[in-house]
Amino acid sequence: MVARGGGTKKAARGPASQRRAARKADRDGDIGMSVDGGVTKGRSNRVGKSSGIPKGSKASGSQPSRISASAKREILKHTGDLSMRDTRTSAPKSQIRLRITGWEKSKAATNPDGGVSSLIKWLEKKASTKLGSRKRTVKIQKSQVEGTELTINVTSEDSRALLRMNGYEWAGTNITIEQVGGPVGAGSTSTEAEKIKAMLRGVLERRYNLDDKFLDLSGLGQDEELKAQAMFDKKSTASKFFPAMMAVLENSFDTPAEKDAAILSVSLANNGLVDVTIVTSLSQTLPKLQNLDLSNNKIENLSALHPWRRRFYHLKHLILSNNPIEQREPNYPAEIVPWYPNLRMLNNVQVRTEEEIAAKSKVNMPFPIRSPAFQDEGGIAENFVRTLFAGYDTDRAALAAHYYDAKSEFSYALNTQAPRDPATSETTEKQEWDNYIKNSRNLKKISHLPARQNRLYRGTAAVADIFSKLPKTRHPDLASEARKWMIEAHIQPGVPDANGQYPIGVDGFMIVIHGEYDELDDSTGQAKKKRSFDRTFIVGPGGSAGVRVVSDMLNVRSYGGAQAFEPENIEALSDATATQNIQQLDAPPQLPAGVTLEIAEQMVIQLAKQTGMTLEYAKLCLEQTQWNYEQGMAAFESNKASLPPTAFITTG
Amino acid sequence: MSDFEAVAKQFVEYYYKTFDTDRTALAPLYADNSMLTFEAAPVQGATGIVQKLLDLPFKQVQHQVATLDAQPSSPETGGIIVVVSGALLVEEEKRPMSYCQTFQLMPRDGSYYVFNDVFRLVYPAA
């Protein structure tokens, strides 16, 4: 077993020595790790070492064969630019060498081979069980013992799983796993922190149910293992415990997508939570959670849950039963349901049907006009936006000829400082912005006059040329992915007249668009990067298309997500005092041009007064009649028989 | 015809400096036909606009401009379109919010005023 594919030669093979089964060392049922391996203890003194470290010495963490810095330099000199991991013995390029220490003190140390073979078996088995995936076969391709140091070769994929086991307990001792030639000190020896990490990971593994994709974090205070670590004895450790566990959880997966797919449900029941402060990191670690159980805690009011407002966009079921909030704020469901636009169930009671959710997402169709500030005339602005992005994604030369004439101008600026959506797995690459930076016209940075002028593109040909130099794109569909867009249009007087008949100009539009696109690989056409953008157009009448671009200004930045466009986020900076009443009911209403929030609020109050409906229903009624008061009244009259009793303010 | 860029730069510098120190002093930059669209809420007229800006739920604010670009939107009328993107730091909020703001400047009495002002947060507050 030891030294598969090379390494020590004299290893006595065969399962002859099933002498003593190591005692249970593994938390999830790996009882009876049989010791069936060969012999190598302290034997393979191959790479120029005089002897192994004597058994039982205290040198477990001292890395006897770690190469000194000067020796490294010496070796590098002779081997060219081989990376460190290749300098000791040549491992195939695709393999990673891991050094395992600390095992010689294990309960299996008295085995003929010092426990090495059973250690290897355990490593393979343990690394193959992974949160969120059923089977995975980690194979140690080559191993070699040198004193108290076991070196193994694995694929880079398997190495991640093994490195995560650094600090794990095996046969009564904590083992250290580190990459040969990896960063010095990183993960060396079983520090207290590593032990805690390993312990937390054990807890997570034990509490995870793969079939249900369910992570049961209920009753953590009663968890024997956590109690043993005195996790909750001091306030200082108690407050750090949960974030630490979330960090371990995140590190258990290779990608955020893998993590999100593995865990759909979490229970935090029976944790004595007064609010969610201590567990708030859950919303960062599992932003796509669908089911959350908070029952049997001590949550008294909605403000205790406030940190999770606007989080968990995908939440479908929330359980808050057996919390004091049920008595203290019995009307809390009406308030909390709007926090989670995809919530279907609250405390096992349906709050929205699938049809309602589908209908709600259709509100913006067929065109993402999310703003009261979309002034259009005969669909000109809308049609322009549709045609423009379709053309920009498929045939930019044709687009330039269609909308851009000799006087049209285009320029773009690159914003490298904008934050990235924390939910994406994308990271900044070295040449991240190479395709943009050369012609970016950020006047804050570029003061040289010729550069400024060169980067302002005027006329069909110049626009077509710079369009062709910008990366290929695919914008989200305006109809089916409306929530990724934010589009505003304003009537714009004084737009230059293409025919020169009106010196003071004609009416056009200013259109401001915020959104995102996939950047496509030039050769394959595959999406490779997500970007966010802002684009401002001034368009006026004229040209063969009937509409011509006067100005086109593009701003490109890291992908920042579409959360800012969610209705509930728009109020982030809105005037709290004037619109408070109406906003407490739900997200800000979508108002037609000419109806301000103040007017809308008056309308709601008036209609509620006149009909006896609650403010919420009055608002709903007005929303459905596009804020036409007469029609709202008429809608009430024709529907009042079918309205539920809860639609009316109870009197007396 | 390149001084529109200088105008844009000066304007942006002055506008945010004034915004961050004393919002009431922004009134002279707007006119009665000016339109502010702040996070989808439209307000018209200098008085209303300044009131809207004063009513924003923060006292301390700092704009950090990351990009600034300008184009002459209308050579006939001398208008300038200015697009700014950057970060907004509000009071104790440590994490900045990203915003994008488009100004349409129009000449008036030898200077310029804001004809259209469209402000939008493009990255959530929390």
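These notes cover a sheet and its helices in chain A, aromatic ring pairs in chains A and B, and charges placed over rings, all in a predicted model.

1. Chain A holds an open sheet of four strands, arranged in the order β2-β3-β1-β6 with antiparallel pairing. Because β2 (142-146) and β6 (176-179) each have a single partner strand, they stand at the edges of the sheet, and one side of each is left without a neighbour there. On average, and ignoring direction, neighbouring strands are turned by 25° against each other.

2. Within this sheet, strand β1 (residues 95-101) of chain A is joined to β6(A) by four bridges, the two running antiparallel; A:Ile100, for example, has A:Ile177 in β6(A) as its bridge partner.

3. Helix α2 (residues 116-128) of chain A lies across β1, β2, β3 (149-155) and β6 of chain A, at about 35° to β3(A), while helix α3 (residues 156-163) of chain A lies across β1, β3 and β6 and runs at about 135° to β3(A).

4. Over all chains, the whole structure contains 23 aromatic pairs. Among them is A:Trp308 with A:Phe312, an edge-to-face pair because the planes stand at 75°, with the ring centres 5.2 Å apart. A:Trp308 is buried at 2% relative accessibility, and A:Phe312 is buried with a relative accessible area of 2%.

5. In chain B, the rings of B:Tyr15 and B:Phe103 are also edge-to-face, with centres 4.9 Å apart and planes at 65°. This pair links helix α1 (residues 3-21) to strand β5 (residues 97-108) of chain B across 88 residues, and both residues are buried. They belong to a cluster linked by ring pairs, whose members include B:Phe11, B:Tyr16 and B:Phe119.

6. The charged end of A:Arg531 sits over the ring of A:Trp433, 4.2 Å from its centre, and that of A:Arg535 sits over the ring of A:Tyr392, 4.5 Å from its centre.

Methods: Residues numbered from 1 in each chain as written. Chains lettered and ligands numbered in written order. Predicted model: local features only at pLDDT ≥ 70, side-chain atom pairs only at ≥ 80, totals over all residues. Heavy atoms only, no water. Pairing = 2+ DSSP bridges. Axes fitted to C-alpha atoms, helices over the stretch in contact; angles between N-to-C directions. Contact = heavy atoms within 4.5 Å. Phe/Tyr/Trp six-rings, centres within 6.5 Å; stacked < 30°, edge-to-face > 60°. Buried < 20%, exposed > 50% of the residue type's maximum accessible area, 1.4 Å probe, protein only. Lys NZ or Arg CZ within 6 Å of the ring centre and 35° of its normal.
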